[in-house]
Amino acid sequence: MQEFPEILLDGRLWQIVLLSLQVSLSAVALATCAGLPLGAALAVGRFRGRDSLIVVLNALMGLPPVVVGLFVYMALSRAGPLGAFGLLFTPGAMVIAQTILILPIIAALSRQAVEDAWREYDEQLRSLGAHGLRAALTVLWDIRFSLLTSVLAGLGRASAEVGAVMIVGGNIEGVTRVMTTAIALETSKGDLPLALGLGLVLMTIVLVLNAAAYLVKEAAQRRYG
Amino acid sequence: MGFIAKIACALLVALPAFGQQRYITVASTTSTEQSGLFRHLLPIFERKTGIQVRVVALGTGQALDMGKRGDADVAFVHDRAAEEKLVADGFFVERREVMYNDFIIVGPKSDPARAGGRDAVAALITLAETKMPFVSRGDKSGTHAAELRLWKEAGVDPAQGRGAWYRETGSGMGPTLNTASGMNAYALTDRGTWLSFKNRGELGIVVQGDKRLFNQYGVMLVSPAKHRHVKKAEGMALINWLTSAEGRRAIAGFKIDGEQLFFPEE
């Protein structure tokens with residue numbers, strides 16, 4: 001029986017949990033703001049190269065976090081093009097990396113959802129005189145509840161990945177250490193029970209977030225149909 | 001949507017609040033971070049100077065590379081030959097020797113290869129002859145460099161055993177020890193990581209006390225001439241403190257289970 005781990009006693013765990021939430025939710029917010037309009041535009045737009053763009057976007061859903069991390073590291077490094085901002089090893093860098101990682105997921109999944117709905121409403125919208133952007137926004141609003149799933153898929157990816165935040169954050173205690181990098185650290189220290197415990201904490205948080213999203217969606221759906 | 005947008009804004013606004021304090025970034029090794037040395041030393045330094053120290057723990061090769069790119073202010077590593085070369089090349093300045101500890105060879109407690117003792121080189125020759133599984137860092141870290149020097153001295157090319165008895169994990173000391181523990185294999189490790197490592201399984205210390213297992217740690221400032229943003233005053237404050245009487249006392253005072261891990265330079 002090992003002694004009770006100090007990480008659970010001195011408030012450090014809550015700081016790590018809070019930072020994990022801040023980073024991942026910020027990335028989800030940014031990726032949603034960019035990803036939903038992008039997905040909608042791809043769904044309703046008709047332009048050359050659209051098919052290839054969709055294939056590329058779908059493929060980018062499988063972006064390895066380590067590759068994203070490396071890419072952002074090279075860009076933000078003092079020797080890189082954005083080095084002057086001094087963003088490397090800050091939570092901001094972690095938000096940037098996770099946003100890049102989940103943007104394709106949110107855009108690709110919402111594109112499919114909008115396209116399916118579009119097929120259904122196309123005629124109706126046209127008869128009402130709605131075109132292009134206006135029509136796309138109407139559809140987006142109409143299927144907002146099913147888009148929640150694409151956003152949650154993005155959140156799942158962001159809160160689960162370790163490769164990108166480890167590289168661009170550096171796993172600095174009290175500054176950039178988040179749940180996944182803390183788990184990786186405890187694993188490498190050979191403290192497998194503590195690592196597993198932290199993993200359970202992370203999964204519980206993700207479960208609570210998803211439950212909250214589901215309840216909000218149900219309540220809103222009942223109220224506004 | 002308005003509610004969600006407000007939350008998003010609040011989260012984004014909260015982020016820059018992390019960067020208020022005066023701080024430096026130190027590129028260091030997994031052995032110093034994971035043993036708990038920094039958690040022991042840095043609060044003392046922070047209280048004294050008000051400078052926060054942000055440690056990014058990597059293998060020595062990667063840590064030096066991070067300093068070369070200008071992504072750190074100070075490097076605190078253990079590969080003397082590489083450090084001196086980079087000082088000569090102008091990437092780092094003000095190198096000081098801070099402390100030392102030692103490497104040990106760990107392996108199955110029953111020592112099936114009969115490699116145990118004080119002679120590290122003889123042990124490696126025995127291991128190669130008996131083709132006992134040996135797990136290497138394989139990641140260009142300071143420990144990896146030390147291991148390769150020992151193989152060279154033993155006149156053995158471990159690459160011959162690659163895929164058979166010689167396994168390279170390409171990862172940090174902890175993951176490598178996890179692998180060794182899982183395979184019941186031999187491995188070279190620094191004593192600090194070993195003492196704080198919990199998943200030992202059947203492993204124990206097989207070789208220790210050889211002078212060739214000496215492990216020297218150095219600290220140096222990233223060249224402010226090459227990288228103008230380097231926080232010279234704050235970085236030098238850390239370097240001077242680590243080598244001061246007070247810093248040396250703090251290093252000597254770090255113990256795990258009553259055992260001193262690092263020995264400050266005289």
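Tutor: Let's start with contact: two residues are in contact if their C-beta atoms, placed from the backbone, lie within 7 Å. Bear in mind that this is a predicted model, where local features need pLDDT of at least 70, side-chain atom pairs count only at pLDDT 80 or more, and totals for chains, interfaces and linings use all residues. Residues are numbered from 1 along each chain as its sequence is written, while chains are lettered from A and ligands numbered from 1 in the order in which they are written.

Student: Which residues of α2(A) meet α4(A)?

Tutor: Ile54(A), Leu57(A), Asn58(A) and Leu60(A) do, and on the α4(A) side they meet Pro104(A), Ala107(A), Ala108(A) and Arg111(A).

Student: Why is α2(A) called oblique to α4(A)?

Tutor: The axes of α2 (residues 50–60) and α4 (residues 91–127) of chain A come within 8 Å and cross at roughly 130 degrees. Angles under 35 degrees count as roughly parallel, over 145 as roughly antiparallel, 65 to 115 as roughly perpendicular and the rest as oblique. So α2(A) is oblique to α4(A).

Student: Over to chain B. What makes β7(B) mostly covered?

Tutor: A residue is buried if 20 or more other C-beta atoms lie within 10 Å of its own, exposed if 12 or fewer, and partly exposed in between, with C-beta atoms placed from the backbone. In β7 (residues 186–190) of chain B, 5 of its 5 residues are buried. Tyr186(B), Leu188(B) and Asp190(B) point one way, Ala187(B) and Thr189(B) the other.

Student: How do you know that β7(B) pairs with β4(B) and β5(B)?

Tutor: Two strands pair if DSSP finds at least two bridges between them. With β4(B) there are 4 bridges, in the antiparallel sense, and Ile105(B) has Leu188(B) as its bridge partner. With β5(B) there are 2 bridges, and the strands run parallel; here Phe134(B) partners Tyr186(B).

Key: Axes are lines fitted to C-alpha atoms, for helices over the stretch in contact, and angles run from 0 to 180 degrees between N-to-C directions.
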